[in-house]
Amino acid sequence: MNALLAVFRYEMRKSLTAGRVAWWFVLAAFPVTITLLSRWVQSNEGQIKLADRDSFWSVLLYVAVPCMCCAMSALLTAGPAIATELEQRSWIYVATRPHGIAWLLLGKFFVATAWAFTAAVAATSLSVLFVNAPAPYTLWSGILKLSGLAAPAYSATYLLLGAIFPRRSMVFCVMYTAGVEVLLGSFPAIINRITVQYRLRSLLTCWLPLSDDLRNSTALQYTVGSNSPASHILWLASITIGFILLAVLMTRLRQFTTATESDL
Amino acid sequence: MTSMISLQNVTRLYGTVLGVNDISLELPRGAYGLLGPNGAGKSTLLNLLIGQLRPTRGVVEVLGMPPRNNPTLMRKLGFCPSFEGMYASVSGLDWVTFLLQMQGRRPAAARLRAIECMEQVGMQDAMQRPIATYSRGMRQRTKLAQAIAHEPELLILDEPFSGLDPIGRAQMTDLLRSWIQNGRSLIIASHVLHEIEALTQSFLLISGGRLLASGTAEEVHELLFHVPAELLLRCTKARRIAALALQNGLAEAASITPSPNNQIDSKTEHDLLRIETRSAEQLAKSLMEWIPAEHAVVLEMRTADDSLQSLFNSLMKIHRGEV
């Protein structure tokens, strides 16, 4: 546990660079900007009906915070977690410690989750100040609960992708996001259940205020599950833990050398 | 007692390229130099020892344990790679502290030990500065500090003198000498022989992925009795001694360089006789008979290749099939 805490503290300090902090602000500002733009459009084009406001803000903040802000932050931090160690050639110092790689990956996972979740908290808290929803607290708590699940799930997913493809990890993470989470996740077929998106969307319908029209729409009927929230949470927790374990297993199986021609 | 290192027919392939080729050896605890030119397979061998690589064939054991994914062994092993790979933005002290915590030490204890080690490697004045501001030598010393900080049983160093100035080299040598004197084990890889000679007389010669020789310098010298060697004699009656060596089939060739103020084979002047032989031991014995019999006066007698470098060169010639 000392090692895990050490990695977390060390990686957190290491990641506190101007560039990383700037990205955090950009990601946190994105939902706020979208919210303000929506309010501006509404003020020009006319207000949304009171009955539809909850649905509108729920969906908008869902897309902007857990789907965009959390996923992007996790991608930026967890995706290159292994590649940067290999590129900097700092890998070997950790690899020659007891369970060093496992602690390193776990520490980096928590750091990625922390960056993603704190950005989500900031984004949601600020955005909710500007929404004209009837139940802003429900919106705030619902989005934060979703973010609390999205941040670790995406961090674990990108960590695993980084372990499988240490070379060009970011490219594969972006391809995964576009191809699997966005495209496959929206596909009205049973295959979309493997995605994080499917589970988050299903929880969206449970935890956030949506109009009956939206709940009964064909689009949602085929792209959300009717299982209990607990089953979706269990699924997300399982893939989070499973993906971390798989990432650790991948790095234990792979052979990264200290030679100049690294396996990277 | 288990061997420090045990390799049984270890081969490591990178695709079709041989990294290490069928190496077998047993090393008891102690200090060893791993010598070989660049690309000889030293780093591959070290990677096998620290468990970063699996052998394609054969068995590797370090301190009686298989090294791959072995946390117990990692507690007993200190490794210092040839490259830097340190985080530039943090201080040397923080980095060593972090790596000590990775060994399971509590933060406060890790900090104290890290300070102690940084002082031990002469980094007390710069340890709070970011690594980015360190010179090459300071980085080398910081790398050594992280390798020794958890007091490992076996220290493995890959080119630790690289980039050090003469003072840094001397300090590093002293540090490693005291490490060895304290009864700890060490494997040090280098392609510069005198660096290793200053630390240990036990070494492994590796080239082309093959172990050319191992043991003490004397043991390896024994291997050279049947290897062409050069014997140098500064003596009187050089022509007569050369003739005897050639007549008895103990010399492949002989050449005489007269002393500056002399004609060859003067009875009083000392010429330089150079004899090439494949039977150095036999020639040496015969010379002990010929010299008194011929009433020759010898000022100097030595092999031309008494350094590790020439030993290495000879073994390389055998390996390449040039001999």
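**Notes on chain B**

1. Let me start with a cysteine: Cys235(B) counts as buried because its relative accessibility is 0%. Buried here means under 20% relative accessible area, with exposed being over 50% and partly exposed in between (1.4 Å probe, protein chains only).

2. Before going on, the ground rules. This is a predicted model, where local features need pLDDT of at least 70 and side-chain atom pairs count only at pLDDT 80 or more, while totals for chains, interfaces and linings use all residues; side-chain values use heavy atoms, leaving out hydrogens and water. Residues are numbered from 1 along each chain as its sequence is written, and chains are lettered from A and ligands numbered from 1 in the order in which they are written.

3. Staying with cysteines, there are zero disulfides over all chains (a disulfide being a pair of cysteine sulfur atoms within 2.5 Å). Cys80(B) is in none, and the nearest cysteine sulfur, on Cys117(B), is 13 Å away. Cys80(B) is also buried, as its relative accessible area is 2%.

4. Now the sheet. In chain B, six strands make an open, mixed sheet ordered S5-S6-S7-S3-S8-S9. Strands (E, at least two residues) and helices (H or I, at least four) are DSSP runs numbered from the N terminus, and two strands pair if DSSP finds at least two bridges between them. The edges are S5 (77-80) and S9 (210-216) of chain B, each pairing on one side only. Neighbouring strands are turned by 15° against each other on average, direction ignored; axes are lines fitted to C-alpha atoms, for helices over the stretch in contact, and angles run from 0 to 180 degrees between N-to-C directions.

5. Within that sheet, S3 (31-35) and S8 (202-207) of chain B pair in the parallel sense over three bridges. Gly33(B) sits opposite Phe203(B) of S8(B).

6. Two helices of chain B lie across strands. H6 (166-181) lies across S3, S6 and S7 (185-190), at about 145° to S7(B).

7. Check Arg141(B), which lies in H5 of chain B. Arg141(B) counts as buried because its relative accessibility is 17%. Beyond its neighbours within four places in sequence, Arg141(B) is in contact (heavy atoms within 4.5 Å) with Val121(B), Gly122(B), Met123(B) and Gln171(B).

8. Finally, H1 (42-49) of chain B has seven of its eight residues buried, so it is largely enclosed by the rest of the structure. Lys42(B) and Asn47(B) are among the buried ones. Just after H1(B), Gly51(B) takes a positive phi of about 80°.
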